[in-house]
Amino acid sequence: MATAAAFFYRDNNEVSVVRPENAALYLSRESLIHPVARVRHFFSVRIVNPAQTGRFNESTTSVQNEPLSSRDIWIRAFSQTAPIIFGYIPVGLAYGVLAGKMGLSITNTILMSLIVYAGSAQLIAVGLFAASAAPAGIILTTFVVNLRHLLMSAALSPHMSTWRKKALALFAFELTDETFAVHATRCSKGPLHAGETFRINLIAQSSWVLGTILGVLASGLITDVRPVGLDYALPAMFIALLVAQLKQPSHVAAAIGGGAAALGMKLAGMQQWETILATLAGATLGMFVESRLPAKKRTEQ
């Protein structure tokens with residue numbers, strides 16, 4: 001059987017087959033080039049007989065990449081979680097300082113970040129604790145604040161239909177607004193890899209706990225977090241995550257519509273339901289814009 005001279009390159013865990021005359025193009029992209037004789041040590045390769053097609057056909061060549069190593073998965077997870085880390089540490093620090101000022105013990109402050117792990121709910125709860133609110137009132141308030149998780153989990157559930165219940169429960173525990181944004185972007189590229197997903201969640205929560213510990217330690221030194229600008233870290237992080245997802249006109253419409261609705265309801269005095277209602281308003285506007293696009297344009301997207 002005649003064989004075709006070919007090279008294989010690896011770039012961000014994507015494996016492709018290129019003709020020899022094109023190999024230099026991939027060298028310029030800092031890819032790793034392997035001759036056919038050596039690549040079998042790394043990949044499972046099948047090459048169709050060129051005599052049957054008259055030429056080397058790239059589309060009829062099948063390459064199956066070997067699974068990522070644990071180290072590679074950690075690196076991928078960390079790179080995707082980096083914006084969250086830069087937001088969680090200063091906001092977690094602000095929470096730790098506030099909890100210390102409100103008289104919450106060091107143990108309870110850190111345990112809330114480990115067990116509750118909900119930034120807005122923790123900040124609200126600290127204020128309610130300081131006001132000597134009833135336990136039922138604290139539980140009900142934090143429940144209403146976190147109702148948005150119903151929408152987030154519903155959006156991700158179709159991509160996790162094959163997961164076991166224990167894995168889903170662990171994932172749900174560590175799901176936050178920020179990790180949802182990361183996972184939603186990953187869903188658009190293919191099925192969620194469980195190992196990478198849990199590493200992203202673990203890194204995010206670890207950075208939040210680290211920020212909390214730093215805040216507890218610095219609570220005696222920082223009297224007010226507002227002059228330091230730590231209160232802006234969370235909105236800045238959300239903006240960075242949002243911009244990375246604006247790839248279609250419907251996305252832009254949903255972002256602008258949801259933001260405008262949230263701002264309007266906030267100014268109108270709504271304190272509990274504005275997030276959910278603004279989310280529904282933005283999603284509705286995004287669906288409307290997408291439905292108005294020509295069918296060909298929607299297919300390309």
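Mentor: One definition before we start: contact means heavy atoms within 4.5 Å. This is a predicted model, where local features need pLDDT of at least 70, side-chain atom pairs count only at pLDDT 80 or more, and totals for chains, interfaces and linings use all residues. Residues are numbered from 1 along each chain as its sequence is written, and side-chain values use heavy atoms, with hydrogens and water left out.

Trainee: Which residues of H5 and H11 meet?
Mentor: Ile106, Thr109, Ile110, Ser113 and Leu114 of H5 touch Gln205, Trp208, Val209, Thr212, Ile213 and Val216 of H11.

Trainee: Why are H5 and H11 called roughly antiparallel?
Mentor: Their axes cross at roughly 165° and come within 9 Å. Angles under 35 degrees count as roughly parallel, over 145 as roughly antiparallel, 65 to 115 as roughly perpendicular and the rest as oblique. Therefore H5 and H11 are roughly antiparallel.

Trainee: And what makes H5 oblique to H6?
Mentor: Here the axes cross at roughly 140° and come within 11 Å. That angle makes H5 oblique to H6. On the H5 side, Met112, Ser113 and Val116 make the contact, and on the H6 side Gln122, Ala125 and Phe129.

Trainee: Which residues of H14 are buried?
Mentor: Glu274, Ile276, Ala278, Gly282 and Gly286. Buried means under 20% relative accessible area, exposed over 50%, partly exposed in between (1.4 Å probe, protein chains only). The buried residues of H14 pack against helices H8 and H13.

Definitions and conventions. Axes are lines fitted to C-alpha atoms, for helices over the stretch in contact, and angles run from 0 to 180 degrees between N-to-C directions. Helices (H or I, at least four residues) and strands (E, at least two) are DSSP runs, numbered from the N terminus.
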